[in-house]
Amino acid sequence: RVAPKLFGLPTAEAVDKQLRETYKEYYDKELGRVIEVIEIMEVGQGIIIPGDGAAYYSSKFKLLVWKPELQEIVAGIVSEITNFGAFLNMGAMRGMIHISQTMDDYVSFSKEGSLLGKASKRGLKVKDLCFARIVAISHKGDEPKIGLTMRQPGLGKLEWIKEDKAKKDKEN
């Protein structure tokens, strides 16, 4: 469906603009998050339906999408720290790491706005690069809610992973 405001443009350009507008911020449970309209391969003849005002074109196009899957390992940057956990920006979407899932330690929320491990003295703050595993996906509401964990070997803040590897290499 191409809106009337795009009628002055060449057909292919109008269809392109409409597709980009339609799929901007688009998420579907079965398809995932649309990242980009990659290519418009075909634009058929248009029809106008009386009373609608828009033109309809049968079109073929390619989309780049990301559909989060359970158990998938993702990389992201901590975008927000709260007293109940951290939010990880994964590019196309945001996920939440509950405070209990940040590390194998007793974790507390500091006055400086970071999460601190009591025994390990490890800290998690905004802008930290992390690896996490998707452990829950809820499709209630407009946006999916993604639950993450970093309490598994090879996951967590990048510096922690490097420290753990160096420690393991030293032991061997």
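The following questions and answers go through a predicted model of a protein.

Me: How many helices and strands does the secondary structure of the protein come to?
Reply: Read along the sequence, the pattern is α-β-β-β-β-β-β-β-β-β-β-β-β-α. The secondary structure totals two helices and 12 strands.

Me: What percentage of the residues of the protein count as buried?
Reply: A residue is buried if its relative accessible area is under 20%. The protein has 172 residues, and the buried part of them is 33%.

Me: Among contacts with a separation of 6 or more, what percentage comes from residues 24 or more positions apart?
Reply: The contacts in question are those in the protein with a separation of 6 or more. Residues 24 or more positions apart account for 52%.

Me: How far apart are the mean positions of the positive and negative charges of the protein?
Reply: The protein has 27 positive and 24 negative charges. Between their mean positions there are 6 Å.

Me: How many aromatic pairs are there, and why is the pair of Y23 and Y26 edge-to-face?
Reply: Rings pair if their centres lie within 6.5 Å, and planes over 60 degrees apart count as edge-to-face. The count comes to three aromatic pairs. The ring centres of Y23 and Y26 are 5.1 Å apart and the planes stand at 75°, so this pair is edge-to-face.

Me: What is the angle between the planes of F84 and F87?
Reply: F84 and F87 form an aromatic pair, with 6.2 Å from centre to centre. F84 is partly exposed at 39% relative accessibility, whereas F87 is buried at 16%. The pair is edge-to-face, and the angle between the planes is 85°.

Me: What value of phi does E25 have?
Reply: E25 lies in the loop between helix 1 (11-23) and strand 1 (27-28). The residue is exposed, with a relative accessible area of 60%. Most residues other than glycine have a negative phi. The phi of E25 is positive, near 65°.

Me: Where is K127 found, and what is its phi?
Reply: K127 is in the loop between strand 9 (123-124) and strand 10 (129-138). At 70% relative accessibility, K127 counts as exposed. Its phi is positive in a residue other than glycine, with a value near 85°.

Me: Is T82 buried or exposed, and with which residues is T82 in contact beyond its neighbours within four places in sequence?
Reply: T82 belongs to strand 4 (residues 73-82). Its relative accessibility is 10%, so T82 is buried. Leaving aside neighbours within four places in sequence, the contacts of T82 are F87, F109 and L115.

Me: What distance separates the C-alpha atoms of H98 and P153?
Reply: H98 is in strand 6 (residues 94-98) and counts as partly exposed at 37% relative accessibility. Beyond neighbours within four places in sequence, H98 is in contact with F84, G85 and L148. H98 and P153 are 55 residues apart along the chain, and their C-alpha atoms are separated by 17 Å.

Me: Which residues does L9 touch, not counting those up to four places away in sequence?
Reply: L9 is found in the segment before helix 1. L9 is partly exposed, with a relative accessible area of 29%. Not counting residues up to four places away in sequence, L9 touches A14 and K17.

Conventions:
Residues numbered from 1 in each chain as written. Predicted model: local features only at pLDDT ≥ 70, side-chain atom pairs only at ≥ 80, totals over all residues. Heavy atoms only, no water. Helix = DSSP H or I, 4+ residues; strand = E, 2+ residues; numbered from the N terminus. Buried < 20%, exposed > 50% of the residue type's maximum accessible area, 1.4 Å probe, protein only. Contact = heavy atoms within 4.5 Å. Lys, Arg positive; Asp, Glu negative; His and termini not counted. Charge placed at Lys NZ, Arg CZ, Asp CG, Glu CD. Phe/Tyr/Trp six-rings, centres within 6.5 Å; stacked < 30°, edge-to-face > 60°.
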